[in-house]
Amino acid sequence: MSGGLMALLDDVAALARVTAASVDDIGAAAGRASMKAAGVVVDDTAVTPQYVQDVTPARELPIIWRITKGSLRNKLVFILPAILLLSQFAPWLLTPILMLGGSYLCFEGAEKIWAKVSGHGPKTKTPVVEKGKSAEDTMVGGAVRTDLILSAEIMVISLNEVADEPLFSRAAILVVVAIGITVLVYGVVALIIRMDDFGLHLAERSSPTSQKIGHSLVKGMPGLLAVISVVGTAAMLWVGGHIILVGLDELGWHPPYEAVHHVEELVHGAVPGGLGATLAWLTNTFFSAVLGLVWGAVLVLIWELLPFGKGEHEADHAAPGQHEAEHGRHEDHGEHHGKHSTAATDGSAAPDGSGRTPPGEGGSSAAR
């Protein structure tokens, strides 16, 4: 009996060791997959703070929490089952889908640069800030829809890194990636949007050191958001370009990938040690970003030439004049309304000079 019990305990211990090793493998694979999705993660972090602009501080964190739950729902309920089925029954579709996503990243990055250089600004119109629960629901819904695109990219990029794993391992890795990246992104976003509040709190303290740190945090907030935006754009071009580079190689067009890989090996061989490996990675990153910029610029050009893309662009430029015309109409209406109001309160407006409206000429039924 004791021998059987000891054998059972040995089996349990062996199973625990295997399970622990599997958990370690899943964690390591999730880490590798998450690193590949770093560009989209940075862009997601840069995009989200705009949704809580002009929102009262008391509603900032609740809104971020609602968007966080929507992001988890996107990843775990909608995206994860779809891409797992795809990887199991039609894995050949992963590379084209991944390249479509990479093209979207290149387009977004190149469009941001074009908007900055040309001064045209973004094509999307900034919504008017409204108050009330319905406006908050609309804002959260828009953020969750935007997150759906970015989350799909994160999950597909991550899946591509673990495509050779068994189905259960793939699912477990992607669940870890989904939860980990969501917590990371929206945790950082929450810290960013409350950084100025924390700075104001420190600035109100009596300690000179606390005041100095507080003022630095408040002043540094715009600069931090600007840096995140720039890094997000560069990361989109890098990740998108690398996806296109590898995808073209996997689809049979090898020269671009082979050329970049050859230069990368030359750099790695010219500089020994860890510095050489770092410079080789930076070389690959540079050429991937250049390819992403070129690829994205072509897509932006095509978009500008398309009827609906041009129409949207012209509509954006026509908007200021249209708003001025509407403003003028409102002013005319206000002036017209002001005359009536003056007439209603001025005694000279009444034919008898009494300041009362005669019966039968617009007076109330009580006056009549």
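Trainee: How are α8 and α9 oriented to each other: roughly parallel, roughly antiparallel, roughly perpendicular or oblique?
Mentor: Keep in mind that this is a predicted model. The axes of α8 and α9 are 7 Å apart, and the helices pack at an angle of about 120°. Roughly perpendicular covers 65 to 115 degrees and roughly antiparallel needs over 145. The angle between α8 and α9 therefore makes them oblique.

Trainee: How many charged residues are in the contact of α8 with α9?
Mentor: From α8 come Leu245, Val246 and Asp249, and from α9 come Pro256, Tyr257 and Val260. Five of these residues are nonpolar and no polar ones take part. Asp counts as charged, and the number of charged residues in this contact is one.

Trainee: Which helices and strands make up the whole chain, and how many of each are there?
Mentor: Reading from the N terminus, the elements run α-α-α-α-α-α-α-α-α-α-α. The count for the protein chain is 11 helices and zero strands.

Trainee: What share of the contacts between residues at least 6 apart in sequence join residues at least 24 apart?
Mentor: For background, the protein chain has 368 residues, of which 33% count as buried. Turning to contacts between residues at least 6 apart in sequence, the share joining residues at least 24 apart is 75%.

Trainee: Is the crossing of α9 and α10 left-handed or right-handed?
Mentor: Look at where the two helices touch: Val260, Val263, Glu264, Val267 and His268 in α9 meet residues of α10 including Gly276, Leu279, Thr283 and Phe287. As for its hand, the crossing of α9 and α10 is right-handed.

Trainee: And what is the hand of the crossing between α7 and α8?
Mentor: Helix α7 (residues 195-203) and helix α8 (residues 208-250) have axes that come within 6 Å and cross at roughly 155°. α7 and α8 are therefore roughly antiparallel. The contact includes Phe198 and Leu202 of α7 together with Ile213 and Leu217 of α8. The crossing of α7 past α8 is left-handed.

Trainee: Which geometry does the aromatic pair of Phe107 and Trp303 have?
Mentor: A search of the whole structure turns up three aromatic pairs. For Phe107 and Trp303, the ring centres are 6.1 Å apart, with 70° between the planes.

Trainee: Is Phe287 buried or exposed, or partly exposed?
Mentor: Phe287 pairs with Phe286: their ring centres are 5.3 Å apart and their planes are at 75°, so that pair is edge-to-face. The relative accessibility of Phe287 is 31%. Buried would need under 20% and exposed over 50%, so Phe287 counts as partly exposed.

Technical notes:
Residues are numbered from 1 along each chain as its sequence is written. This is a predicted model: local features need pLDDT of at least 70, side-chain atom pairs count only at pLDDT 80 or more; totals for chains, interfaces and linings use all residues. Side-chain values use heavy atoms; hydrogens and water are left out. A crossing is left-handed if the near helix is turned anticlockwise from the far one by less than a right angle, and right-handed if clockwise. Helices (H or I, at least four residues) and strands (E, at least two) are DSSP runs, numbered from the N terminus. Contact means heavy atoms within 4.5 Å. Rings of Phe, Tyr and Trp (its six-membered ring) pair if their centres lie within 6.5 Å; planes under 30 degrees apart count as stacked, over 60 as edge-to-face and the rest as tilted. Buried means under 20% relative accessible area, exposed over 50%, partly exposed in between (1.4 Å probe, protein chains only). Axes are lines fitted to C-alpha atoms, for helices over the stretch in contact, and angles run from 0 to 180 degrees between N-to-C directions. Angles under 35 degrees count as roughly parallel, over 145 as roughly antiparallel, 65 to 115 as roughly perpendicular and the rest as oblique.
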